[in-house]
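Subject: Structure handover

Hello,

Please find the structure we spoke about below. Read it alongside the notes that come after it.

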Amino acid sequence: MNHWVIVPIVLPATMAAILVLSMRHHPTLERVFSVATCAVLVAVCTGLMALAASGTIDVYELGNWPAPFGIVLVLDRLSALMIVLTAVLALAVLLYAIGSGWDQRGRHFHALFQFQLMGIFGAFLTGDAFNLFVFFEVLLIASYGLMIHGGGRRRLRAGVQYVVYNLLGSTLFLFALGTLYAVTGTLNMADLAERISAIPADDSALLRVGAILLLLVFAIKAALLPLHFWLPETYAEAPAPVAALFAVMTKVGAYAILRMYTLVFGPELGATSDMIGPLIMGAALVTLAVGMVGILGARRLGRLAAFAAIGSMGTLLIGLSVFTHQSTVAALYYTIHSSLAGALLFLVVDLVREQRGTAGDLQEPAPPMAQQGLLAALFFGAAIAVAGMPPLSGFVGKLLVLDAVRETTHVWVIWSTILVTSLVAMLGFAQAGSVVFWKTAPEPEDTPVLEDAAAEAVTAPQPPVLPVVATFGLLFTVVALSVLAGPVTGYLEATADQLYAPEGYIMAVIGQR
Amino acid sequence: MPTMETAGSFLPIIAALPFLGALLPGLMIQAGRNTCTAFTLAPTVLALLLLLISAPAVMRGEVLLFRLDWLPALGLNVTFMLDGLGLLFAGLILGIGVLIILYARFYLSREDPMGQFFTYLLLFQGAMVGIVLSDNVLLLLIFWELTSLSSFLLIGYWKHLPEGRQGARMALVVTGLGGLSMIAGMLILGNVVGSYDLSVILTQKEAIQASPMYLPALILILGGAFTKSAQFPFHFWLPHAMAAPTPVSAYLHSATMVKAGLFLMARMWPVLAGTPEWFYLVATTGLVTMVIAAKIALYKDDLKALLAFSTVSHLGLITMLLGFGTKMAAVAAVFHIINHATFKAALFMTAGIVDHAAHARDIKRLGGLRRLMPVTFAIATVGALSMAGIPLLNGFLSKEMMLEEAAHTVWAHSHWVVPVLATLGAVFSVAYSFRYIVHVFLGPERTDYPSKPHDPEFGMWAAPGFLVVLVVAIGVAPVLAEPLVKATAASVTGGGLPDFHLKIWHGVTPALYMSAVAVAGGALLLAFHAPLMRLWLATPRPEAKTMFDAVTRAATLAGRGFTDSLHDGALSRYAGIFTVTVLGAGVFAWTGGASLPATRAPLPVALLPAVGWVLLMVATFALVAFHRNRLMALVLMGIVGLIVSLGFIYLSAPDLALTQISVEVVTIVLMLLALNFLPHRTPAESGPAKRFRDAVVSIAGGVAVAGLTYAILLRDFAAESISAFHLDKSYKGGGGTNVVNVILVDFRGFDTFGEIIVLGIAALVIFALTDAVLRGPGGRWLTSWDPVGDEAGDRHPLMMVVATRVMMPIALMVGVYIFLRGHNDPGGGFIAGLIVAIAFLMQYMASGFAWAESRQRVTYHVTIGFGVLIASLTGIGAWFAGRPFLTSDYGYITIPPLEKFEWATAMAFDTGVFLTVVGAVMLALNSLSSMARRTGETVNIFPMDINPARSDDDDDGEGEGEGGR
């Protein structure tokens, strides 16, 4: 029994409790312990990934109860990948939040942040469908708290939409689980897989309903159209570091789809295989189009970043929906890319917003910023990554997806959608970037003329160093993902191997019957 | 492991040097403009040297290769190849790059950030070198798109100019569009061949041309080439890219960016050319572009615009030659690529010099410069004459070859279309070339130049001077260029070149006649330029920029309109879409499957549940009817909750019933308190249509849920459910006879762990939210808020105070009892927590928050934190016994004189649950009360307002905050 598997869940939960208990009046202590926890999490998750890379599937039976009767955590290549991604992103985002002072603009940021991490890690690690629901709840409520962090009218209003919409999703999750439990009498995912494969084809109706309701639940999290309505306002109005962390939250939905529809309702399962993939594909194409058009139409950079997040989920889910070995590799690569690049974009937008004073993130000319060149370079990098231009990982990911859908029937529709929307996104980013960074408005008339250095100090405060470092750190990860595409896809191929041979997973969880 | 051929090991260095070097100028500018230039030159020159070192092998016919695996799964690898074609282009890019850098040093003014400029330039240079050295088409695509991106930065370099910004965007969009189409084309090509390596693709001519995917692939790839090389109808971006500083124009539009499209066509020539499709697509496009652009160039007054359209025209010429598909045409194309690069770069630089010296680029404001700027005049004249195709200059040679090829090209059975149009293009070409000389340098000297023209310093004319030396040298002794042309043409055509020699005199051929006609016609056109110009200006013609701007503007507005109307922020609409989607998907799933007959018979309807059902329905419908009255709605919700609890009891689930009832009580009380701050009635916001829509959607949703439940209830589990195990193991393994509680704290204790955290977070969120609201406009609103309606005369009535005091110990005892019995009988930490919270809640309601809180020593944050921590530590405790998280243990101890009783670690866990629940409820209450206090609600010192035992002096129960903390 390898206790490290549960550390990513227990550590942040315990730390959050301690933060509330004894550090809630000590910002410095909160910061130190929060960062330390995230650093430890990166180390632990990396270690777990090294373990999973060998191909072993680690099963952690909570309370020492055997599956399917108790709850299990399962560490395989996929979950290891997702937790490493989360941990790395969390560390960068946390440093940004601290450096920019976002963490002090409301109460309990660090505790909520740790609870949020606990929820995300739990969702990635659990092998039990109901436990997944519980972790969805944890991450929903924590994310709501983080989302409204700092308050403000627009943010609170967006928060109401966010939480109400997602509570609808939670209700649906219960319906779906109830249906599946009623059909199978179990909640453990491996056990579900076994029992469902034994259900006769002439009794598939209820099973199909359960499968599709579950899909819709995950589709909400993954912002798949037409269930994405919670996302634009939420992401645009959330504090930037939180929005950046949310980049991995949509991936929770994608992860859950991948897990459930390879393990439980696999591509070989006759009852559901004909509807799951095509449904996701159709919706994903629309998602991509709406997201990219949203980039073009956005009036604010925050909203632009939000629609970019939707668009990238579209591309990701297109890859996912094919459910082949190759397409899964592509979708997973895109998952990593989209999380890092999406977060990067939110942070850059926030750096810009902080520097532009009253103009905020509106796409209109404003007086020049301090460090204009630096911010422009960062925005350029983020835009290239998100729009899928070379040489960053977005382009590699896009090529992988294009290549992976080659054998599908509607390859022309998919290709043209992906390529045309890339152009739309490119235009959107070019317009936004040239207005914000190139088309500077003259300095306000009433600014007194001062000595050069003094004038600079007055009109444009230098951005603090730590947020810029954290942002560059993320940009660096995007570059690294692109350079190391070979080794990364190597790991992803092994991951796909594991996913499309679910016997290994089932065997590890419930053993030989 | 990466494999590499040693001969090609320079290649990645050549490609990487500009990129690595791009880091330098931005830094070195601190050390001055000359140092900055030197550090820009260094990587370029070094790369050029390495290229020259590799050149002899290539000239011998070798192909240098380098290979490093990058993404083998996709077939995307870092593979470089250097053959004749690559050598020519890399030489042009780096060689002219050196000259441009020199020129730019003198061209850029002190206000221009030179470091940035050179950084962009080197990035662009690297991307171009990458294109021409790539052996892998996917790698080539990467560099291809990089040129679009870096040229975007270069064209927009003067960011204060709107033309610069618009030109940059236009170039990015058009060439980006082509790049995307090329991605598709290359993917198809790779699929047909089974490899993305050019060295493999180029050997597969038959397979590619026989494939049904040949035409789509061809069109898509040409889409990339045509946009990049500004072929009609994608030519319009190029003139607008002239807003860039002249060194950029000279570089991009003579030797590099626009030549990338030609390079691509030349590169793919061996496998794509030679079919009718290729001929008609490429040759026709080239021909049309050549003629139209040449004509437009004649009417452009801006020097750079003239040169821009002439560039488009010459690109069309080369495209046409490549399109002919014959080997000699390919030779001519290669030769013209070299010649065009030399004279066009020189001409752009002279245009920059004139602009620099006279501060004008408009031909109408120039003229008579030959004496003022003799050196520039000389350079410009040689360049322009070469462009016009005058003998003894290199432009003549390749133009003759072009006309020769055109003379015997048959287009759609017509022998005259191509030669006539080619000659016409040449006529225009001569005319605008002459105009560049005559209208700028000849004629009378003027007095109204914006600035007094003069020849520039040597550094500025050195580069174009060197280039025109080449123009003349090749023109006089074409044999100089012959080895390079041969090597290049050999790799374009895939070997097997006819034996040819580049020479000045070919005898009296049709081409010579055509050339003569062109020169004469051109001179004639120029003579009548003024009336022709008036005619041109009078004819309406489509303006590409206006159209492009209109399209992008319309797209942006349409995108904005669509996005904003789809995401209008109406939650009820979002929820409606959600419900309809779920219903649709559910019905789709159900109807697509098959269903066995029911395995369970419905039970008969008994009286008791029927009564409950009727009550439930009545309460629900009443709720819909009266929902605007918020208090009433709350009461009705209470009824619903109560009946649900009763339902649990009826269905033998006492634990659930207990939980449900206590949750109901707590939530109703908290919501009652919250109602305080809301209007009594919900305003009517939706019209009848909307209400009807919502009614339909929600009834359909309700029916669907009922149907689903009905279907579920009529069937058995497919296999034995896991609950049998829980029933069996509850006492033996979990140490409790209440299986529900054992599930909660043991079998699925981890779920409970998560759920108490949810509860704890919720309380923290309520606290943080209240804090945020109070600090924001909400707080100001509360301060100025005047509660409507009557307040209670006696806020803290004696009766209630006394009753709650009496109840308190009883309630606490009940809590403890429920907690302790939980493991074996209905109860447990969660319910106990709620009961205790209700007991406290009653104190608060009776005597006010501040009074009650001041009698408590713990803060609720601490309670929540402790609760989660205890639960967590209980789980961790199991690690020390070598067991997984949350493994429970139990045993029996006897403490005399008591009887033996059971202990279980689950009890500790349950304590954590208990504390979290109490803390969460109380923290929520605390938040609500802090809102109340913000509205000006006073804090009472005494437990009740009217106390008969108190003397009259201090019978004022309300003080200003002394009682609160």
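The notes below go through the model interface by interface and then turn to single residues.

This is a predicted model, in which local features need pLDDT of at least 70 and side-chain atom pairs count only at pLDDT 80 or more, while totals for chains, interfaces and linings use all residues. Residues are numbered from 1 along each chain as its sequence is written, chains are lettered from A and ligands numbered from 1 in the order in which they are written, and side-chain values use heavy atoms, with hydrogens and water left out.

Chain B against chain A

The contact between the chains involves 117 residues of chain B and 127 residues of chain A, where contact means heavy atoms within 4.5 Å. Together the two chains bury about 10,700 Å², with 76% of it on carbon and sulfur atoms. Buried area here is the accessible area (1.4 Å probe) that two parts lose on being put together, summed over both. Phe578(B), Ile722(B) and Phe750(B) supply 7% of the area that chain B buries against chain A, more than any other three residues.

Five salt bridges cross the interface of chain B and chain A; a salt bridge is a side-chain nitrogen of Lys or Arg within 4 Å of a carboxyl oxygen of Asp or Glu. There are also 35 residue pairs in polar contact between chain B and chain A, both residues being at pLDDT 80 or more. A polar contact is a pair of N or O atoms within 3.5 Å; within protein, one must be able to donate a hydrogen and the other to accept it, and residues adjacent in sequence count only if both atoms are side-chain atoms.

On the side of chain B that touches chain A, helix H32 (residues 749-775) of chain B gives the most, with 18 residues. Helices (H or I, at least four residues) and strands (E, at least two) are DSSP runs, numbered from the N terminus. That side of chain B has 74 nonpolar, 26 polar and 17 charged residues. In this count Ala, Val, Leu, Ile, Met, Phe, Trp, Tyr, Cys and Pro are nonpolar, Asp, Glu, Lys and Arg are charged, and the others, Gly among them, are polar.

Which residue of chain A does Arg715(B) meet in a salt bridge? The partner is Asp203(A), at 3.2 Å from N to O. Arg715(B) sits in the loop between helix H29 (688-713) and helix H30 (723-734) of chain B. Its relative accessibility is 13%, so Arg715(B) counts as buried (under 20% is buried, over 50% exposed, and in between partly exposed; 1.4 Å probe, protein chains only). Leaving aside neighbours within four places in sequence, the contacts of Arg715(B) include Val183(A), Leu206(A) and Thr599(B).

Inside chain A

Chain A is assigned domain 1 (1-269) and domain 2 (274-441 + 461-497); such bounds come from an automatic or database domain assignment. Each of the two domains gives 48 residues to the contact between them. Domain 1 of chain A and domain 2 of chain A bury about 4,000 Å² between them, 79% of it on carbon and sulfur atoms. Three salt bridges are found across this interface. Asp274(A) forms a salt bridge with Arg208(A), with the closest N and O atoms 3.4 Å apart. H3(A) gives the most to the side of domain 1 of chain A that touches domain 2 of chain A, with 14 residues.

Inside chain B

Chain B is divided into domain 1 (1-195), domain 2 (273-559), domain 3 (603-683) and domain 4 (738-965). The interface of domain 3 of chain B and domain 4 of chain B has zero salt bridges and zero residue pairs in polar contact.

Backbone details

A cis peptide bond joins Leu225(A) and Pro226(A), with omega about -5°. Another cis peptide bond joins Phe232(B) and Pro233(B), with omega about 0°. Asn64(A) is a residue other than glycine with a positive phi, near 60°, and is partly exposed at 32% relative accessible area. His108(A) likewise has phi near 60°, but His108(A) is buried, at 7%.

Regards
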